[in-house]
Amino acid sequence: MLQEFLIPALLFLPFIQLMVSIARYIIGLNFSSQNIIIFLSYIFIFSSYQGGEQNFIKGIVFVALPVTVMMLGYVLLYKMISKLYMHYFAKQTIIVSIALAAVMLSINLVEINIENWVFQVIAFVLTAIVSLEVMSLYVRIGKKKIKLNILNSFIIAFVSYCLFSTVPFRTLLVENQYLVLLPAVVSIFIGRYTGLRISEYIRFFPILNKDPEKK
Amino acid sequence: MGLMNIYKNRTKVLGLNSRFLDYIKRYNSPKGIKIAGDKIRTKKLLKKNGIPVPVLIKSIKNEKALDKLQEADLPPSFVLKPVHSNEGRGIEIFFNKKDKNWIRGNGSKVNFQEIKEMIRAILNGRYSPFNEPDIAMIEERIAPHSKFKLLTYEGGTPDIRIIIFNKVPIMSMLRIPTKESEGKANMAMGAIGASIDLGTGRLLTAVKGKKGEIAHIPHNNVEIFGFKVPYWETLLKYAVQVQELTNLGYLSVDFLIDRETGPKIVEINAKTGLSIQLADQDGLRDRMERVKGIKIRDAAHGITTGQQLFGGEVENAIENISGKTVIGVIENVTIHGKNGETESTKAKIDTGADSTSIDRKLLERLGYTETLIKYEEFMERELDEEKIKTMSIEEIRAYEKYINEKADQENLGVDHIVYVISASGSSFRPYFNLELEIRGIKFKAYCSGADRSNLKYSVIVGRKNLNSFLIDIEKK
């Protein structure tokens with residue numbers, strides 16, 4: 001059972017990256033960090049493993065509560081201490097400590113079972129890392145841009161998670177492990193795509209909708 | 001049909017995918033991209049080659065240099081910039097220092113310590129790609145050209161962006177700061193982007209932010225269309241020169257125009273934004289494909305090519321509204337003569353003249369030699385010049401009628417004979433009903449034949465024949 005979960009999880013990375021490519025180059029979703037999407041996807045995946053099988057809802061609950069709480073906690077704490085006369089990494093350490101304490105509190109609130117502690121620990125570590133990434137992104141791009149940026153990252157990670165949660169997909173991946181090359185093949189086409197992204201059809205609609213014969 | 005339009009236009013608009021794979025990767029060398037990404041390096045290169053840039057007052061490379069920075073080192077007005085940021089991130093304008101406080105671009109007051117914190121954020125890499133440690137530069141604040149006073153929101157300075165590809169200016173816009181953009185010429189923050197006609201340097205369409213089309217400046221209702229950007233030809237020249245210096249095949253050059261000293265280049269971009277297409281309401285990709293592969297000899301050739309291919313949009317707009325064609329003071333005219341003879345020559349468009357006049361020699365080339373000889377013999381025989389000198393205007397007109405009747409009887413081939421009173425002297429002149437053509441517009445005109453051998457132009461087109469045209473005295 002563990003093997004049926006672990007092998008697809010291991011082989012799933014190229015598929016997440018394929019999702020990232022499709023989201024960026026075909027759809028035109030805006031996000032600044034591919035790492036955030038990969039970490040979020042794996043947080044979904046690892047936190048959903050319970051009692052020898054995957055629980056789709058559990059992954060969503062974990063991301064909806066501890067991850068969101070930690071991300072918001074980091075950003076909020078950064079806002080509070082950003083004006084302190086201190087070095088940047090020292091500020092980060094303070095934030096990580098306090099935010100993790102907040103996460104422990106949220107875990108106790110939702111009573112997450114830690115029976116599958118290895119995956120839970122991985123999910124927690126990834127949550128801490130992704131929250132740090134989000135905080136540094138917040139510092140870099142500011143609060144106006146980060147909202148949409150993170151929302152898009154959540155959407156891509158969630159779609160990836162949905163794909164992973166499909167039992168036939170996981171079974172196929174276990175039985176045909178070289179299927180891991182499929183994203184590489186698809187990427188050859190995506191990597192050479194020079195057409196407009198779906199979001200650009202919306203952005204440039206006033207120009208695209210002009211009568212081409214009319215000067 | 002909307003969907004059909006979108007399908008047909010999809011290859012005209014430049015998107016991010018095509019920008020990177022088709023243009024940046026193919027035409028921009030890593031060395032050129034590095035130069036464009038470093039504002040100090042750009043400044044040094046341009047200055048060395050005689051292209052004006054804002055004066056660099058100070059660069060602060062690390063915390064040690066920041067500690068040494070004194071309040072007295074900062075002038076009353078200046079601009080703070082990260083050396084490696086893009087899209088205008090981290091750029092702050094400070095001006096009107098009073099009682100130890102500067103006014104910031106957004107109107108708030110800041111003191112020296114607060115400015116030091118902003119510099120520290122730059123040094124820590126807050127605005128640099130990948131948050132790498134950066135350098136802060138302090139440069140002179142450009143006082144905007146007086147012509148921009150009506151357009152811009154207080155404290156802001158409009159900038160001009162010109163996109164160059166293959167040494168040809170492709171598209172350009174004026175970015176006008178607004179209240180929403182906090183005095184910055186940043187369209188993402190709500191600045192106005194107004195497209196500039198490459199041919200004339202006049203403003204055309206405009207958008208506020210990255211969407212909404214507008215026709216007037218929001219805070220004072222000044223009309224945008226038709227406003228002429230000063231130093232237009234100089235701006236184009238500098239932009240093309242920058243491309244030659246940096247070896248970037250596709251780039252944009254940003255200018256500010258100083259009240260006293262004129263245009264100065266503030267930034268060059270190897271990965272230029274695409275919003276200019278919204279301001280211009282046209283696609284970049286189509287324009288770039290049109291100039292791809294053209295052998296451009298030098299900057300002048302590049303500018304002429306760009307102006308001829310993509311200029312004249314102001315005229316198009318005026319022509320669409322008025323239904324008339326815009327022409328210059330000197331135009332090429334094609335005259336259709338007898339037996340299919342045609343001649344093309346430069347003509348002076350003269351609204352001071354009543355009718356069109358053509359040189360005798362040109363009329364001969366148009367097949368009127370025999371007619372002119374007959375006319376001259378007829379006039380020598382019939383005209384009593386001494387008698388005319390004593391006549392009143394009414395008597396001359398009556399005599400003119402008599403001459404015309406006689407000419408008809410003798411079938412001279414002249415359409416009309418008219419006594420022309422002009423500043424250069426009064427005389428009888430033969431008139432011919434000819435077909436003329438200017439900029440593809442054909443029209444019939446009664447043209448007088450005269451000796452214009454000592455004049456610069458063998459044809460002048462008078463106001464009677466200019467009903468289909470509007471004259472732009474700046475048009476070449």
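The dialogue below goes through several features of this predicted model.

Q: What pattern of helices and strands does chain A follow along the sequence?
A: Chain A has 10 helices and 2 strands. The C-alpha trace of chain A spans about 65 × 55 × 25 Å along its principal axes. Of the 215 residues in chain A, 43% are buried.

Q: How many aromatic pairs does a search of the whole structure find, over all chains?
A: The search finds 24 aromatic pairs. Planes under 30 degrees apart count as stacked, and planes over 60 as edge-to-face. In chain A, the ring centres of F56(A) and Y161(A) are 5.0 Å apart and the planes meet at 5°, so this pair is stacked.

Q: Where in chain A do F56(A) and Y161(A) lie?
A: The pair links distant parts of the chain. F56(A) belongs to helix α4 (residues 56–81) and Y161(A) to helix α6 (residues 117–165), 105 residues apart.

Q: Which arrangement do the rings of F78(B) and W102(B) adopt, stacked or edge-to-face?
A: The centres of these two rings lie 5.9 Å apart and the planes are at 85°, so the pair is edge-to-face. F78(B) is in strand β2 (residues 78–82) of chain B and W102(B) is in strand β4 (residues 101–104) of chain B, so the pair ties together parts 24 residues apart in sequence. F78(B) counts as buried because its relative accessibility is 0%. W102(B) likewise counts as buried, at 0% relative accessibility.

Q: Which residues do ring pairs link into a cluster?
A: The cluster consists of F5(A), F12(A), F15(A), Y49(A), F164(A) and F169(A). One of these residues, F164(A), also has R170(A) over its face, at 5.3 Å from the ring centre.

Q: Where does the charged end of R141(B) sit?
A: The charged end of R141(B) sits over the ring of F95(B), at 4.6 Å from the ring centre.

Q: Which backbone nitrogen lies 2.7 Å from a polar atom of the side chain of E400(B)?
A: The backbone nitrogen is that of Y419(B). E400(B) itself is found in helix α14 (residues 393–409) of chain B. With a relative accessibility of 11%, E400(B) counts as buried.

Q: What is the volume of the largest cavity, and which residues line it?
A: A cavity is a space where a probe fits but cannot get out. The structure holds 1 cavity of 30 Å³ or more, and the largest cavity has a volume of about 50 Å³. Its lining consists of K39(B), T42(B), K43(B), L46(B), V53(B), P54(B), K81(B), M137(B), E139(B), I265(B) and V266(B).

Q: Which elements of chain B each supply at least two residues of this lining?
A: They are α4 (39–48), β6 (136–140) and β13 (262–269). The largest share, 4 residues, comes from α4(B). By class, the lining residues divide into 6 nonpolar, 1 polar and 4 charged.

Technical notes. Residues numbered from 1 in each chain as written. Chains lettered and ligands numbered in written order. Predicted model: local features only at pLDDT ≥ 70, side-chain atom pairs only at ≥ 80, totals over all residues. Heavy atoms only, no water. 1 Å grid on protein atoms, 1.4 Å probe; cavity = no way out; pocket = protein on both sides within 12 Å on 5 of 7 lines; lining within 4 Å. Points joined across faces, edges and corners; volume = space filled by probe spheres on them. Nonpolar A, V, L, I, M, F, W, Y, C, P; charged D, E, K, R; others polar. Phe/Tyr/Trp six-rings, centres within 6.5 Å; stacked < 30°, edge-to-face > 60°. Buried < 20%, exposed > 50% of the residue type's maximum accessible area, 1.4 Å probe, protein only. Lys NZ or Arg CZ within 6 Å of the ring centre and 35° of its normal. Polar contact = N/O pair within 3.5 Å; in protein donor to acceptor, adjacent residues only side chain to side chain.
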